[in-house]
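Q: I'm new to this structure and would like a close look at one part of it. Could you walk me through the sheets, and then show me what lies around them?

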Amino acid sequence: MKSLVIGGGPAGLQASLDLANAGYDVYLVEQCFSLGGRAVQIVKNYPSLTFIKDFMKPLMDDVYNHEKITVLTNSEVIGVDGEAGNFKVKVEKRPTYVNLEECKDESCAKAMDVCPVEVPNEFNVGLDKRKAIFAPFSYSVPSGCVIDEKSCLHFKDGSCSKCSEVCGGINFDEKKETVEIDDIGSIIVATGFDPFDPNLRPELAYDKYKNVITSLEFERMLDENGPTKGKIIVDGKEPKSIVFAHCIGSRDKKVDNPYCSRICCMYTAKEAYMAKEKIPDATIAVSYIDMRAFGKGYEQFYEEVQKKQVLYRRGVAAEIYGNGDKVVLRAEDTLLSEPYEFSADLIVLAVGVEPRSDSAKLANVLGLQLDDCGFFVEKNVYDTCETEKDGVFIAGCCQGPKDIPDSLMQGSAAAAKAIGLMQRCNT
Ligand SMILES: Cc1cc2nc3c(=O)[nH]c(=O)nc-3n(C[C@H](O)[C@H](O)[C@H](O)COP(=O)(O)OP(=O)(O)OC[C@H]3O[C@@H](n4cnc5c(N)ncnc54)[C@H](O)[C@@H]3O)c2cc1C
Ligand code: SF4
Ligand code: SF4
């Protein structure tokens, strides 16, 4: 009996590994070109400040190289029939147009060099550009290049095939295929989240000012291998004052997100700490509703951050406006019930965790329910892995906001539940 895992972020990777180590054959279906999920866009973890790459890369490699795991990247589940213990699954596998077995690192670099097309790089949240043939990120798994057919001129109008002149691995004739897998005993859904789109709060002027950015853009700037080589730079200048605004798109009924996103208090504390390390003379302030530092070591880390002269002031972000080169955050002090303003060179919006925009499509394929906010519904409050559908489990941020350790833990819990079910089906 086999198992299917949908989504190759921390939760799905951990679930796949646990299932495979227990002796089950696993199919891991990932929509993107590489494993890793959102976690690989993050540089350091809180509260340890260890590099996330040092954890994620070996996990991705272990899964990819495991003899019992078949990884299908650039793929999606398009049909599921049957029942617990015996599902039949259809997966659409899209072409990458690059045969990795014939691809050498050098030819990748040459192919990217000759490619005339530049488009915004999704991995760096549009802070730089990538080519139509590209490597998803520096430690992607599988490694090597892929062609994005939406921007490639060969597929648009047939006017280019330059990469195939320098790389023997290019195959423009590759077609999408449907992979049918039967004897699937259990399915684990670990499809993660979308970051909140700050344009849904136009009064925060995210689209208007270059020096109003999201926390994910800020994370990418902190990466030594990222678009700014680890420098915090906005409009060519290093900011000397930075304000972080909490709860953007969370705890906010006006945007239909009444819930707390659970991660943004702590990732902001981490980002403020790292900003202070990179620009020691910068003034840094955080506008927060209340501080949620509930994990092991989190409260102590929050205290450490405050010792770095990071000013915390209670406030609900109300509006952002420009004033010369500066941007000004107007907030409402929730204790004193009075407005105040923070003027800064840079404002970072701590965007919350949103259900993925395509969750309803997958819920429909699997016969699962979504809650009022759009996250997958767990069976009950005491069992957050099982769903109303026997044999289908959920893990990670697709069930609700959580950080990497909690996503990993729920991935393991879902795998344990799936193993239990498959053992019962076999007896
Ligand atoms: C700015 C920011 C900073 C953060 N900093 C930290 C931090 O310091 N420490 C920490 O612990 N956490 C941090 N987090 C949170 C962390 O990113 C999440 O906890 C973690 O990524 C959740 O893992 P996941 O596996 O549930 O989902 P994801 O990482 O979102 O992975 C889900 C995967 O599923 C794939 N997928 C989605 N839909 C489908 C589909 N239909 N078919 C196939 N595949 C699909 C996606 O492509 C993706 O690869 C931060 C988040 C943000 C936004
Ligand atoms: S064929 Fe496409 S990917 Fe290759 S070089 Fe031309 S535009 Fe780039
Ligand atoms: S974790 Fe903190 S910043 Fe994020 S929604 Fe909850 S209270 Fe707001």
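A: Let's start with the open sheet of 3 strands, which are ordered β16-β17-β18 and pair in the antiparallel sense. This is a predicted model. At the edges stand β16 (316-323) and β18 (338-344); each has a single partner strand, so one side of each is left without a neighbour in the sheet. From one strand to the next, the twist averages 25°. Strand β17 (residues 326-333) runs antiparallel to β18, and 7 bridges join the two. To find your place in the sheet, look for V328, which stands opposite S343 in β18.

Now to another sheet. This open sheet has 5 strands in the order β12-β19-β13-β14-β15, and here the pairing is parallel. Its edge strands, β12 (212-214) and β15 (310-314), each pair on one side only. Ignoring direction, neighbouring strands of this sheet are turned by 25° against each other on average. If you follow β12, you will see it pair in the parallel sense with strand β19 (residues 346-351) over 3 bridges.

Helices come next. α6 lies across β12, β13 (241-248) and β19, and runs at about 85° to β12. Helix α8 (residues 298-307) also packs on the sheet, where it touches β14 (283-288) and β15; the direction of α8 makes about 115° with that of β15.

Helix α6 leads us on to a pocket. The second largest pocket holds about 640 Å³ of space. Its lining has 32 residues, and the closest to the pocket's centre are S138, R220, D223, N225 and G226. Two or more lining residues come from each of α2 (52-65), β7 (129-131), α6 (215-222) and α7 (264-278). Sorted by class, this lining has 14 nonpolar, 5 polar and 13 charged residues.

Let's finish at ligand 2. Around ligand 2 there are 13 residues, with C115, C152, L153, C160 and C163 the closest. Both α4 (153-156) and α5 (162-166) supply at least two residues of this shell. By class, the shell of ligand 2 has 10 nonpolar, 2 polar and 1 charged residues.

Technical notes. Residues numbered from 1 in each chain as written. Chains lettered and ligands numbered in written order. Predicted model: local features only at pLDDT ≥ 70, side-chain atom pairs only at ≥ 80, totals over all residues. Heavy atoms only, no water. Near = heavy atom within 4 Å. Helix = DSSP H or I, 4+ residues; strand = E, 2+ residues; numbered from the N terminus. Nonpolar A, V, L, I, M, F, W, Y, C, P; charged D, E, K, R; others polar. 1 Å grid on protein atoms, 1.4 Å probe; cavity = no way out; pocket = protein on both sides within 12 Å on 5 of 7 lines; lining within 4 Å. Points joined across faces, edges and corners; volume = space filled by probe spheres on them. Pairing = 2+ DSSP bridges. Axes fitted to C-alpha atoms, helices over the stretch in contact; angles between N-to-C directions. Contact = heavy atoms within 4.5 Å.
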